[in-house]
Amino acid sequence: MDVTLTDEQWQTFEEQGYLKLGKVLTELELAALSQQIDYIMLGKAGCDYDRLMMQREAGEGHEQSSQTLGFKGSTLNYRKIENLEFDSMFLTYLQKPLFREICDKVYGKDTRISCFRAMFMNKPARHGSVLAYHQDRWTDLDRDPLVTVWTALDPATIENGCVKIFPKTQHQLINPADPSGFITSDQVSQLVENGEPVHLELEPGEAVLLHNWTVHGSEGNSSEQSRRAFSVCYMDANTVSAMGKQFTVVMD
Ligand SMILES: O=C(O)CCC(=O)C(=O)O
């Protein structure tokens, strides 16, 4: 398991807008995080559910729920769970030295780092929905968070809706005034003219570093294999939201 990145790896990241980090979790850590997220979904974790943003996926006789604070029933059919920095196991993971090193490189050495979001992104077996192509940016912030580490807890494959990206799209915003970051189907077609998207197939415990502006999305999942993943967007802790959102400092 690498704990430091080479100059060559940084160069690849800067050129391509993404970098496969390889295994970042031991088997034990992977098993513990996978169990913890299942316990959270099933209502068995000893965490404060009122602080977690939880969105249920459509299926099992339910519509897709809104993304709001609080538990929405005991099921593995959740789509998204945010604010996992409030869970001690996920917090410990996102503070790994490799991620501190990445933040040092991107934001400057020893910059205090907060977490724009620490999020479980799930494509439940048989029900996972499509996420259209977009760039990650939020117009209420006074500066853009630049990086996300996306970690597979299950195998992430083409069949179960792994993330797919357009390399080298990190240099400019496609729709700078649009707060959603989503791009139109015409814009996707234009990107495809320059090359097909890359599917980021990963083994459980592997991670990928993404520039937040790299265009990315994912297909649905109709397979029997869930696609559980943990995605952390790190930002400079001095970032201010015009909407008054507060962010948790995760690295001092
Ligand atoms: O997990 C996915 O399918 C996409 C996640 C994503 O868009 C993100 O982490 O910014």
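Modeller: Here is the helix, then the strands around it, then the open spaces.

This is a predicted model, in which local features need pLDDT of at least 70, side-chain atom pairs count only at pLDDT 80 or more, and totals for chains, interfaces and linings use all residues. Residues are numbered from 1 along each chain as its sequence is written, and side-chain values use heavy atoms, with hydrogens and water left out.

Start with helix H2, residues 27-42. Helices (H or I, at least four residues) and strands (E, at least two) are DSSP runs, numbered from the N terminus. H2 has 16 residues. From first C-alpha to last, H2 reaches 22 Å, close to the 22 Å expected at 1.5 Å a residue. That expected span is 1.5 Å times one less than the number of residues.

Now look at its sides. Leu30, Leu33, Ser34, Gln36, Ile37, Ile40 and Met41 are the buried residues of H2. Their directions fall within an arc of 160 degrees seen down the axis, so these buried residues line one face of H2. The arc is taken from the directions from the helix axis to the C-beta atoms. An α-helix has 3.6 residues a turn, so residues three or four places apart point the same way. On the other side of H2, Glu27 and Leu28 are exposed. Buried means under 20% relative accessible area, exposed over 50%, and partly exposed in between (1.4 Å probe, protein chains only).

What do the buried residues of H2 pack against? One partner is a helix, H3 (88-94). The strands are E2 (53-56), E4 (78-82), E5 (113-123), E7 (147-152) and E12 (227-236). Contact here means heavy atoms within 4.5 Å. After H2 comes Gly43, with a positive phi near 80 degrees.

Two or more lining residues come from each of E4, E5, E6 (131-134), E7, E11 (215-218) and E12. Of the 26 lining residues, Lys80, Arg117, Leu131, His134 and Asp136 are the closest to the pocket's centre. On a 1 Å grid over the protein atoms alone, a pocket is an open set of points with protein on both sides within 12 Å along at least five of seven lines, and lining residues have an atom within 4 Å of a point. Grid points are joined across faces, edges and corners, and a volume is the space filled by probe spheres set on the points. The lining divides into 9 nonpolar, 10 polar and 7 charged residues. Ala, Val, Leu, Ile, Met, Phe, Trp, Tyr, Cys and Pro count as nonpolar, Asp, Glu, Lys and Arg as charged, and the others, Gly among them, as polar.

The second largest pocket has a volume of about 210 Å³. E5 gives the most to its lining, with 3 residues. Cys115, Phe116 and Arg117 are among the lining residues, as are Met53 and Glu82. By class, this lining has 5 nonpolar, 3 polar and 4 charged residues.

Finish with two loops. Arg126 sits between E5 and E6. Its phi is positive, about 70 degrees, although Arg126 is not a glycine. Arg126 is partly exposed, at 47% relative accessible area. Glu60 lies in the loop between E2 and E3 (68-69). Glu60 has a positive phi too, near 55 degrees. Glu60 is partly exposed, at 48%.

How values were computed. 1 Å grid on protein atoms, 1.4 Å probe; cavity = no way out; pocket = protein on both sides within 12 Å on 5 of 7 lines; lining within 4 Å.
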